[in-house]
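Please consult the sequence and structure shown below while reading.

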Amino acid sequence: MRAYRAGPVALAMLAALSAGCGGGAVPAAQEAALPASPAPTASPAGTARPLAGKTVVLDPGHNGGNASHPEEINRQVDIITGRKACNTTGTETNDGFPEHAFTWDVAGQMKPILERMGAKVVLTRPNDRGVGPCVTERAAIGNEARADAVLSIHGDGAAPDGHGFHVIMPGLLRGHNDDVVKPSASLGRAVRDAYREGTGMPYANYTAKNGLETRTDLGGLNLSKRPVVFIECGNMRNEGDAAKMSDAAFRKRMAAALADGIRRFLS
């Protein structure tokens, strides 16, 4: 990572598209279609669905069409603490694997895992070939869905000698997110612990402390009325992190670990 208000109709459209959306304009090697959601089946006797009745919003950072629409993504929007660009293109590995494709794949793999646990899952974008949405709209989607947890997925673009992951939580903005800060901190710790255990990746050695950071300059955090965190899954400019993030099997581990973090928070 280095994001018009969504109304009910837009939210319904995104939710419908989330149920089975796929790839598009970027090369097939960079964009995998979302796994098809399994048909609902009865749980085996004695098997709980720990997230039944819960709504999870997954926000795969950036989008595949952002780079070709600078006039849209550079438009300034209000994030309470200032004005920032609507969205950005994101970063990429030195070999050209883009952040937007990475986040799309991880979110797509998380979706059926969470659904098997009983959660309703909403994505903030329906594919990896569009533009935006703005950070303001991404936050609005989580708010309108009354999400029990919102996870924004990113890859960092820091100096190449930095490595590891970190989770970013919202700082207190009195009168705006007073009720969100404490549960978001709990969500952040759950995601951090599950991700480290599931992937073996270390905490970032170039930012945050023990894998956790609080910020008030990110619109997706500032504008959320629901428990929310960002995760920088690794530094895409670091050779070691990039190798993991570019590997399909390792991204599967990342997705499973992040889903487990959400389960820990919600169950």
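A residue counts as buried when its relative accessible area is under 20%, and as exposed when that area is over 50%. R251 has a relative accessibility of 9% and is therefore buried. The structure is a predicted model.

**Disulfide**
- One disulfide is found in a search of the whole structure.
- The bond joins C86 to C134, with 2.0 Å between the sulfur atoms. This pair links distant parts of the chain, 48 residues apart: C86 lies in the loop between β3 (83–85) and α3 (99–116), and C134 in the loop between β4 (120–123) and α4 (135–144).
- The link of C86 and C134 is left-handed, with -100 degrees about the S-S bond.
- C86 is buried at a relative accessible area of 1%, and C134 is buried at 4%.

**Another buried cysteine**
- C233 has a relative accessible area of 0% and is buried.

**Salt bridges**
- The structure contains 10 salt bridges.
- One of them pairs D105 with R251, whose closest N and O atoms are 2.6 Å apart. D105 in helix α3 and R251 in helix α8 (residues 248–266) are 146 residues apart, so the pair links distant parts of the chain.
- D105 is buried, at 10% relative accessibility.
- R125 and D128 form a salt bridge with closest N and O atoms 2.7 Å apart, and both residues are buried.
- D217 and R215 meet through their side chains in a salt bridge of 2.9 Å, N to O. D217 is partly exposed, at 31% relative accessibility.

Notes: Residues numbered from 1 in each chain as written. Predicted model: local features only at pLDDT ≥ 70, side-chain atom pairs only at ≥ 80, totals over all residues. Heavy atoms only, no water. Disulfide = S-S within 2.5 Å. Helix = DSSP H or I, 4+ residues; strand = E, 2+ residues; numbered from the N terminus. Buried < 20%, exposed > 50% of the residue type's maximum accessible area, 1.4 Å probe, protein only. Salt bridge = Lys/Arg side-chain N within 4 Å of Asp/Glu carboxyl O.
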